[in-house]
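My entries follow in the order I made them.

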Amino acid sequence: MTIIQNFLFNNQDTDYRDFQSKLIPTVGKDYFIGVRTPILRKYAKDVAKSDYCSDFISELPHEYFDEMQLHAFVISLTKDFGTAVAQVQDFLPFVNNWATCDQMSPKVFKKHKSDLLPYIDEWLKSDREYTVRFGIGMLMEHYLDADFDEKYMKKVARIRSDKYYINMMIAWYFATALAKQYDTAVKYIEADALDKWTHNKAIQKARESYRVTDEHKDYLKTLKI
């Protein structure tokens, strides 16, 4: 085993492994070691400072889910924007589940939002399910507050896919938008701009959110297809 795999197996929780495998059905149970997320996040800080970090992040694909999670957390700590983007670009083709996709969020992206947009456009056009999901996730995380522009919402609304984890992220994006940019987002729901499943899922998730007012929830219920 590698140094990293030894650490992971020494921190294995088999009950947690079994729990994780049920939440992420797109990969087999043997793919999981079962290391809890707080341990992985803390260990990522050590790996990022180690002399074997570059070797680890260049060894793709990894054998285990926990290694993939660790890799995502290491990337998230990268302080240089150009390096972080390059690492994401190298990693995304190997991402094979929603958890690794969603938990990768380089902190440096917050300081380079204009520089990030061309990469997001590239990710949204990908033929890989989790690359598209990641691009939508970045628009949701960074461009629904002070940097909001409806043109970003239009890009998400135009996406059509038969992939469950892409459509679920579109629904999540619009549910979040209904909480943060209601007046704009509700127009897309009123116009049936999304496919039926995603439309209804976005309404469901918005109505489950504590950030959406009761008045808005009642109105959204009337828009279900």
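I count a salt bridge when a side-chain nitrogen of Lys or Arg lies within 4 Å of a carboxyl oxygen of Asp or Glu. The model is predicted.

Entry 1, salt bridges. I searched the whole structure and found eight salt bridges. I looked up aspartate 18 and arginine 17, whose side chains meet at 3.2 Å, N to O. This pair counts because 3.2 Å falls within the 4 Å limit. I then found that aspartate 18 also forms a salt bridge with lysine 29, with the closest N and O atoms 3.2 Å apart. Aspartate 18 sits in helix 2 (14-23), while lysine 29 is in the loop between helix 2 and helix 3 (37-49), 11 residues apart. I noted Arg17, Asp18 and Lys29 as linked in a network of salt bridges. Aspartate 18 is partly exposed at 23% relative accessibility, and lysine 29 is partly exposed at 44%.

I looked up arginine 133 and aspartate 102, and their closest N and O atoms are 2.6 Å apart. The pair links distant parts of the chain, with arginine 133 in helix 9 (residues 129-142) and aspartate 102 in helix 7, 31 residues apart. Is arginine 133 buried or exposed? I have it as buried, with a relative accessible area of 4%. Aspartate 102 is partly exposed at 26%.

I found serine 105 in the loop between helix 7 (98-103) and helix 8 (113-124). Its relative accessibility is 19%, so I list serine 105 as buried, the cut-off being under 20%. The side chain of serine 105 makes a polar contact of 2.7 Å with the side chain of glutamate 141. Leaving out residues up to four places away in sequence, serine 105 touches Ser76, Met138 and Glu141.

Glutamine 5 belongs to helix 1 (residues 3-10) and is buried, at 9% relative accessible area. Which residues does glutamine 5 contact, leaving aside neighbours within four places in sequence? I listed Glu63, Tyr64 and Glu67. I also checked isoleucine 33, 28 residues apart from glutamine 5 along the chain, and the two C-alpha atoms are separated by 9.3 Å.

In helix 12 (residues 182-190), I noted buried residues including Tyr182, Val186 and Ile189. The buried residues of this helix pack against helix 10 (150-158), helix 11 (164-180), helix 13 (196-208) and helix 14 (214-221). Just after helix 12, I found aspartate 192 with a positive phi of about 50 degrees.

Notes
Residues are numbered from 1 along each chain as its sequence is written. This is a predicted model: local features need pLDDT of at least 70, side-chain atom pairs count only at pLDDT 80 or more; totals for chains, interfaces and linings use all residues. Side-chain values use heavy atoms; hydrogens and water are left out. Helices (H or I, at least four residues) and strands (E, at least two) are DSSP runs, numbered from the N terminus. Buried means under 20% relative accessible area, exposed over 50%, partly exposed in between (1.4 Å probe, protein chains only). Contact means heavy atoms within 4.5 Å. A polar contact is a pair of N or O atoms within 3.5 Å; within protein, one must be able to donate a hydrogen and the other to accept it, and residues adjacent in sequence count only if both atoms are side-chain atoms.
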